[in-house]
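This briefing covers the domains, the barrel and the ligand shell of one protein.

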Amino acid sequence: MDASPIPCASDRPSSTASDVLGDVSFLADHGVRHPYVAGAMGKGIASEEWVVRLARAGILSFFGAGGLPVARVASAIRRIRAAVGPNGSFGVNLLHSPVLPAQEDELVDLLLAEQVDRIEASAFVRATPALVRYRVAGLASGPDGSTVIRNRVIAKVSRPEVARQFFAPPDGDIVRALLGSGRITAEQARLAQGVPLADDVCAEADSGGHTDRRVAYTLVPHFRRLRDEIAARTRLRQRVRIGAAGGIGTPEAAAAAFMLGADFILTGSINQCTPEAGISETAKDMLAQADLADVEIAPAGDMFELGAKVQVLKRGSLFAGRANRLYELYRTLPGLDAIPADDRREIEERYFGRTIDAIWQETADFYAGHAASELVEAEANPRKKMAMVFRWYFIHSSRLAIDGRADQRANFQIHCGPAMGAANRWLKGTALEDWRRRHVDVLADRLMQEAAAIFVERLDAVVNRGRQPAPTPMRASLR
Ligand SMILES: Cc1cc2nc3c(=O)[nH]c(=O)nc-3n(C[C@H](O)[C@H](O)[C@H](O)COP(=O)(O)O)c2cc1C
């Protein structure tokens, strides 16, 4: 038997990531070069500049609309469009907010008016009328009788019971209600029965920012099975693609996600430490120092009462400890007046930098203009009032990190997962060690190219098991 290595993809130095990894329909549907998404980062950290850079490079990304007023999102969409032209592929994050549901509807009005043709839908527990409206209002009949889908949905999900709603057609009751209120046409309501709610469902494992701390090894295969089961039952023609997110900061992790069966991958943490991200240089310097274990779990400000969690940078900031302390007080005390005097002083001086009374005044002014019923409830419920005051700290601490108030570094809230430390180690000693050179598209290209090389190398190793090791020119050329 011939013992020479079997020729394989790694002998072709011109192989690109898209030749090897993921699902090609992802590239066609989204008009991009890689089965890769740079996931949204709220408050404009996934900034206009960041989206433009990626779109120009043919890489899909989503503007970080979470936590921003609709008018600010509108101006971002126009600026991005002007820079990338009508064919540039990008989207906007539709982040579900249980606290301010009206904003979700307003954002969908804007997305439809501006003809934004793809969204990253996240934090949904169940499909809302606003989300369904976005999807269904983009349906039309094609000349050959097929259904044209104008509004693409990538849903980011960490739980099977949520994922199953996105694999199936939109909820019939919601569709009927939208039809009844004249927000979609009868034809769109009919077509809705034949398409899944999402084109892509991304399984989000332990990640930076909001996280259920799931494990990709269990989530991705389960989502694939669930997708197939629901497709068999509903007889939908469109195959929903499965993505993987959470913990991807190295080419090895990306290659593993594709080996697990992901049709595409989505990254988050690593894209924050790039010149284009809308957060301060001080924060980026801190992120560039992070190692694998320099992250910690803290309460999530926007879902404080529900006990939701975020993963944040621990190194260089005391935010996680302080936020956990606030949550503990919320859990155990009946209201603000019950906070022991020493604790109150420490919180006001070190955490908040102002008095609790001043914060309540500011908070009440905001809610009076946005959700007056919340205010009425808070006046009658001391624990609710306490939660609203504590939530102010979460907005404030994010703002400090975005603005780069170096004297307030101890309070910086920087969302970040272990992928950041892994990327710092991967890039050490390379041209991208300095974050100022880690342009977000360069990082994506490099991650995907090296992942493809690793993927092919592993396949070669299997094919050539027991034979002479094959040369790996593709990977060597990247170093
Ligand atoms: C700073 C930061 C802010 C984020 N903000 C949002 C957001 O507003 N909406 C959202 O859907 N996901 C958000 N995410 C999650 C990312 O889009 C992505 O799903 C996640 O970071 C992937 O996991 P990784 O951090 O392990 O790469 C954020 C992540 C980070 C690091």
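The C-alpha centres of domain 1 and domain 2 lie 33 Å apart. Domain 1 spans 9-278 and domain 2 spans 318-413, with bounds that come from an automatic or database domain assignment. This is a predicted model, in which local features need pLDDT of at least 70 and side-chain atom pairs count only at pLDDT 80 or more, while totals for chains, interfaces and linings use all residues. Residues are numbered from 1 along each chain as its sequence is written.

**Barrel**
- Eight strands, in the order E1-E2-E3-E4-E7-E8-E10-E11, close into a barrel with parallel pairing.
- From one strand to the next, the twist averages 30°.
- Helices (H or I, at least four residues) and strands (E, at least two) are DSSP runs numbered from the N terminus, and two strands pair if DSSP finds at least two bridges between them.
- Five parallel bridges join strand E8 (residues 200-204) to strand E10 (residues 241-245), and Ala 203 stands opposite Ala 244 in E10.

**Ligand shell**
- The ligand is surrounded by 29 residues, where a residue is near if its C-beta atom, placed from the backbone, lies within 6 Å.
- The closest are Gly 39, Gly 42, Ser 207, Gly 208 and Gly 268.
- Two or more shell residues come from each of strand E3 (91-95), strand E4 (118-122), strand E11 (264-267) and helix H12 (269-272).
- The shell has nine nonpolar residues (Ala, Val, Leu, Ile, Met, Phe, Trp, Tyr, Cys and Pro), three charged (Asp, Glu, Lys and Arg) and 17 polar (the others, Gly among them).

How values were computed. Axes are lines fitted to C-alpha atoms, for helices over the stretch in contact, and angles run from 0 to 180 degrees between N-to-C directions.
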